[in-house]
Amino acid sequence: MKKIALNIFILLGIVLGISSCKKDNYFVGGELHNPKINMTTYDWMKSNKYGVFDTVLMLIDKAGVKDKINAPGITFFAPTDYDVYNYVQARTAAVQKVDPKKMWTVDSIIKYELNRFRDSIDIYIAKENLLNTVLTEKGKKYKNVKGGEFFASYEETRDPALGYNPNSTVIPRVVMFTYLFKPVADDINITSIVPPVGSRVLVQTSNAQTTTGVVHVLNNSHVLFFYR
């Protein structure tokens, strides 16, 4: 299993090289060219030719939660292997404050945290189809299946890295997933939300419509389960 952590590190270098390009129907911060996918959410993630969900799916299998992400009519804000890697790095930094020789790996998640994974995956799932067409600029508050709250929004961006061109009249838009650690008003300016109130995550690939639900893929800088 130590090879898994190494593979995540190698994968990090590989996908960073491709993440800024249009490949395999992906945009960084954008939508799929063809949002209609004739397979389940699980199978679509498994079919990714760059393997960016391989470790996530392995943990889903180990925790026995495949049915959760394949439940009909749900939206899954899917973490990637990068996000697992970021979590492993953060957990390692935390345990090394106690013992500098200790490491936290994917093996550690499997050995000690499958129950946590099984429970916490629910923060990424909503029991409704949150297509880009129903999301708004200011965002709306929704509940996840764990009982917590988040905002989902479809916001204009003037970030050149996300496709903005000042010479174009078309302003690109991106989906944002704003997870709440504390209750906030429904009409809050979501762009002002920062820890410890909440955390905003860019969706790097949005509006995937599988045979079982909707998938929005979270940015590679996200830390699994918002560990902090």
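Colleague: Is Asn144 buried or exposed?

Modeller: Asn144 is buried, because its relative accessible area is 5%, and the cut-off for buried is under 20%.

Colleague: Which backbone nitrogen does the side chain of Asn144 reach?

Modeller: The side chain of Asn144 reaches the backbone nitrogen of Lys146 at 3.0 Å. It also reaches the backbone nitrogen of Gly147, again at 3.0 Å.

Colleague: And what is Asn144 in contact with, leaving aside its neighbours within four places in sequence?

Modeller: Beyond those neighbours, Asn144 has contacts with Asp122, Ile123, Ile125, Glu149, Phe150 and Tyr179.

Colleague: How do β4 and β5 run, and how many bridges join them?

Modeller: They run antiparallel and are joined by four bridges. Lys140, for instance, has Ala152 in β5 as its bridge partner. The two strands form a hairpin with five residues between them, and Gly147 in the turn has a positive phi of about 100 degrees.

Colleague: What joins β5 to β6?

Modeller: Seven bridges join β5 to β6 (residues 173-180), and this pair also runs antiparallel. Here Ala152 stands opposite Phe177 of β6.

Colleague: Why is β5 described as largely enclosed?

Modeller: Six of the eight residues in β5 are buried, so the rest of the structure largely encloses this strand.

Colleague: Changing topic, how many residues does the largest nonpolar core have?

Modeller: It has 51 residues, and those with the most contacts inside it are Met45, Phe76, Phe77, Phe117, Tyr124 and Phe177. The largest share of this core, six residues, comes from α3. A second, separate core has five residues, including Phe151, Val184, Ile190 and Ile193.

Colleague: How many residues of α3 are buried?

Modeller: Seven of the 10 residues in helix α3 (residues 54-63) are buried. Among them are Val56 and Leu57. Both Val56 and Leu57 are in contact with Met45. Gly64 follows the helix and has a positive phi, near 70 degrees.

Colleague: Finally, what pLDDT does the protein chain average?

Modeller: The chain averages a pLDDT of 89, and 86% of the residues score at least 70. Over residues 2-27, however, pLDDT stays under 50, although the model has 43 contacts beyond four places in sequence for that stretch. Where pLDDT is low, predicted coordinates should not be read in detail.

Key:
Residues are numbered from 1 along each chain as its sequence is written. This is a predicted model: local features need pLDDT of at least 70, side-chain atom pairs count only at pLDDT 80 or more; totals for chains, interfaces and linings use all residues. Side-chain values use heavy atoms; hydrogens and water are left out. Buried means under 20% relative accessible area, exposed over 50%, partly exposed in between (1.4 Å probe, protein chains only). A polar contact is a pair of N or O atoms within 3.5 Å; within protein, one must be able to donate a hydrogen and the other to accept it, and residues adjacent in sequence count only if both atoms are side-chain atoms. Contact means heavy atoms within 4.5 Å. pLDDT is the predictor's confidence in each residue, from 0 to 100. A nonpolar core is a set of buried Ala, Val, Leu, Ile, Met, Phe, Trp, Tyr and Cys residues joined through side-chain atoms within 4.5 Å. Two strands pair if DSSP finds at least two bridges between them.
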